[in-house]
Amino acid sequence: MKEEFNQKAYINKYKKEHYSTFKVELPKETKKELDEILKIQNLTKAQFLKNAINDLKNKIKKGRD
């Protein structure tokens with residue numbers, strides 16, 4: 001008998017294999033301010049972090065030049 005495809009289980013397995021959680025504790029006011037800025041800029045938290053990583057990489061690269 002052929003086993004039925006379980007999409008939810010597949011997605012959970014994929015995320016577990018390919019993604020990690022980044023958790024940070026911030027003061028409530030800082031979190032509120034960040035959320036407001038992200039909303040104004042239409043950015044997700046993930047995209048904000050990716051942008052910050054790219055900015056740091058660029059600073060490092062410029063420092064080597």
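**View 1. Helix α2 spans 20 Å from its first C-alpha to its last.** This helix has 14 residues. Its reach is close to the 20 Å expected at 1.5 Å a residue. The model shown here and in every other view is predicted. Next after α2 comes N42. The phi of N42 is positive, near 55°. An α-helix has 3.6 residues a turn, so residues three or four places apart point the same way.

View 2. Along the sequence the order is α-α-α. The C-alpha trace spans about 60 × 35 × 20 Å along its principal axes. How does the radius of gyration of the protein stand against that of a compact globule of 65 residues? The protein has 18 Å, whereas such a globule would have a value near 11 Å.

**View 3. The surface of the protein amounts to about 7200 Å² of accessible area.** Carbon and sulfur atoms hold 54% of that area. What share of the 65 residues is buried? Buried residues make up 2%.

**View 4. Y19 sits in the loop between α1 and α2.** Is Y19 buried or exposed? Y19 counts as exposed because its relative accessibility is 57%, and the cut-off for exposed is over 50%. Now compare Y19 with E29. In sequence the two are 10 residues apart. In space, Y19 and E29 are 28 Å apart, C-alpha to C-alpha.

**View 5. The largest pocket has a volume of about 540 Å³.** Two elements, α2 and α3 (45–64), each give two or more residues to its lining. Which element gives the most? That is α3, with six residues. The idea behind such a view is simple. Rolling a probe the size of a water molecule over the atoms shows where empty space is left.

**View 6. Fourteen residues line the largest pocket, seen here around its centre.** Which residues lie nearest that centre? They are F22, V24, K45, A46 and L49. By residue class, the lining of the largest pocket divides into nine nonpolar, two polar and three charged.

Conventions
Residues numbered from 1 in each chain as written. Predicted model: local features only at pLDDT ≥ 70, side-chain atom pairs only at ≥ 80, totals over all residues. Heavy atoms only, no water. Helix = DSSP H or I, 4+ residues; strand = E, 2+ residues; numbered from the N terminus. Buried < 20%, exposed > 50% of the residue type's maximum accessible area, 1.4 Å probe, protein only. 1 Å grid on protein atoms, 1.4 Å probe; cavity = no way out; pocket = protein on both sides within 12 Å on 5 of 7 lines; lining within 4 Å. Points joined across faces, edges and corners; volume = space filled by probe spheres on them. Nonpolar A, V, L, I, M, F, W, Y, C, P; charged D, E, K, R; others polar. Expected span 1.5 Å × (residues − 1). Rg over C-alpha atoms; globule rule 2.2 N^0.38 Å. Areas by Shrake-Rupley, 256 points an atom, 1.4 Å probe, with all protein chains shown as cover.
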